[in-house]
Amino acid sequence: MSTPLSKPQIIAHIQKSLNYTVFDCKWVPCSAKFVCLGNFPRGTGVMQIYQVQHGEAQLLKEVEKSKPLKCGTFGAASLQQRHMATGDFDGNLQIWDLERPELPVYKVKAHKEILNSIDGVGGLGIGDGAPEIVTGSRDGTVKVWDPRQKDSPVANMEPLEGETKRDCWTVAFGHAFNDQDRCVCAGYDNGDIKLFDLRNMSLRWETNIKNGVCCVEFDRKDINMNKLVATSLEGKFHVFDMRTQHPSKGFASVSEKAHKSTVWQVKHLPQNREVFMTAGGAGNLHLWKYEYPAQRSKKDSEGLEVGVAGSVSLLQNVTLSSQPIASVDWSPDKQGLCVCAGFDQTVRVLIVTKLNTV
């Protein structure tokens with residue numbers, strides 16, 4: 001029998017008030033540091049680097065930028081350099097050496113409008129192949145960049161002539177399990193989810209979840225596609241089983257009504273891909289576990305393989321604020337350590353206990 005205390009607990013370990021709106025926070029790999037990105041009330045951008053020490057978050061460095069910073073990733077960085085790539089309100093993609101964050105080591109005008117979402121792959125010893133960064137923007141395009149190549153993207157997924165431009169809210173890499181294979185998933189304001197195959201430069205699959213797609217994430221970037229979670233405006237998220245693609249039905253999925261409002265974020269636990277956290281517009285975090293079905297696929301009446309979705313169970317939830325929690329990031333190194341930032345202008349370091357027992 002499970003008692004309340006045998007379940008994982010979500011403990012707010014450190015709380016830090018900020019004097020700006022924070023849009024993203026990320027752990028610096030192999031360190032007890034994290035970075036916050038956002039914008040000052042006067043309209044400029046800000047990057048802050050904190051170190052967790054003796055139960056406190058100590059500010060190590062703060063730099064002001066000309067444009068508000070919306071999103072960041074370490075996914076394309078080497079473990080030696082740990083450079084951070086960011087996207088700003090002006091559509092710029094920049095890469096920063098956090099030891100000297102005054103000037104970018106790489107900069108490109110990636111998009112005509114705000115750069116909403118960014119992800120990296122091929123760095124941190126995760127996945128094979130080139131270090132690449134994907135960016136999604138309000139201008140409707142999704143672009144893939146190799147920082148070793150200066151000005152032009154290695155791939156550009158944009159609407160066809162005459163097609164309506166949709167605001168791209170979220171992008172994520174996946175399927176990077178060898179030197180050649182790689183996919184990008186993108187979610188849009190009208191509920192569209194598109195899966196681009198970068199090896200064949202083709203649209204591999206698309207669907208619509210009828211609500212703006214706030215966040216998409218594969219459970220792992222560097223394996224043969226396994227699961228994808230997509231979160232939406234209306235408090236729902238969908239888990240797609242990406243192992244079996246049916247020619248007409250696509251991928252099997254299970255959906256869950258999780259929060260009373262927008263589900264802003266999803267982040268899978270680095271140490272266990274069946275566990276993930278969702279962050280909501282009412283200032284709450286929900287911790288979930290995915291259970292696989294007895295068989296992940298079956299044959300349909302025509303003898304074609306069709307996927308079978310599993311189920312999700314809620315492990316724990318907590319309300320931290322009355323404002324939306326806009327970003328969440330698990331520590332890649334220490335299981336259960338988590339940083340999250342909300343529109344209450346607060347960044348919090350959390351400890352989630354008993355994750356090794358779920």
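Predicted model: local features only at pLDDT ≥ 70, side-chain atom pairs only at ≥ 80, totals over all residues.

Biologist: Okay, noted. Which residue lies over the face of F173?

Modeller: That's R182, and it sits 6.0 Å from the ring centre.

Biologist: What about rings next to rings? How many aromatic pairs does a search of the whole structure find?

Modeller: The search turns up 11 aromatic pairs. Take W205 and F240: their ring centres are 5.2 Å apart and their planes are at 70°, so the pair is edge-to-face. Over 60 degrees is what counts as edge-to-face.

Biologist: Where in the chain do W205 and F240 lie?

Modeller: W205 is in strand β17 (residues 202–208) and F240 is in strand β20 (residues 236–241). They are 35 residues apart, so the pair links distant parts of the chain.

Biologist: Are those two buried or exposed?

Modeller: W205 is buried, because its relative accessible area is 8%, and buried means under 20%. F240 has 4% relative accessibility, so F240 counts as buried too.

Biologist: Why is Y292 called partly exposed?

Modeller: Because its 29% falls between the cut-offs: buried is under 20% and exposed is over 50%.

Biologist: Which residues form one aromatic cluster?

Modeller: F23, F89, W264 and F343 make up one.

Biologist: Switching topic: where does K227 lie?

Modeller: K227 is in strand β19 (residues 227–232). K227 is buried, with a relative accessible area of 0%.

Biologist: What does its side chain make polar contacts with?

Modeller: The K227 side chain makes one with the side chain of D219, at 2.9 Å.

Biologist: Now the sheets. What's the order of strands in the one with β10?

Modeller: It's an open sheet of 4 strands, β10-β11-β12-β13, with antiparallel pairing. The edge strands are β10 (115–121) and β13 (155–157), and each pairs on one side only. The twist averages 15° from one strand to the next.

Biologist: How many bridges do β11 and β12 pair over?

Modeller: There are 4 bridges between β11 (residues 132–137) and β12 (residues 142–145). In that pairing, T135 stands opposite K143.

Biologist: What about the sheet with β22?

Modeller: That's an open, antiparallel sheet of 4 strands in the order β22-β23-β24-β27. β22 (263–269) and β27 (311–319) are at the edges with a single partner strand each, so one side of each has no neighbour in the sheet. On average, neighbouring strands here are turned by 25° against each other, direction ignored.

Biologist: Which residue is the bridge partner of F276 in β24?

Modeller: It's W288. Strands β23 (residues 272–280) and β24 (residues 284–291) run antiparallel and are joined by 5 bridges.

Notes
Residues numbered from 1 in each chain as written. Heavy atoms only, no water. Pairing = 2+ DSSP bridges. Helix = DSSP H or I, 4+ residues; strand = E, 2+ residues; numbered from the N terminus. Axes fitted to C-alpha atoms, helices over the stretch in contact; angles between N-to-C directions. Phe/Tyr/Trp six-rings, centres within 6.5 Å; stacked < 30°, edge-to-face > 60°. Buried < 20%, exposed > 50% of the residue type's maximum accessible area, 1.4 Å probe, protein only. Lys NZ or Arg CZ within 6 Å of the ring centre and 35° of its normal. Polar contact = N/O pair within 3.5 Å; in protein donor to acceptor, adjacent residues only side chain to side chain.
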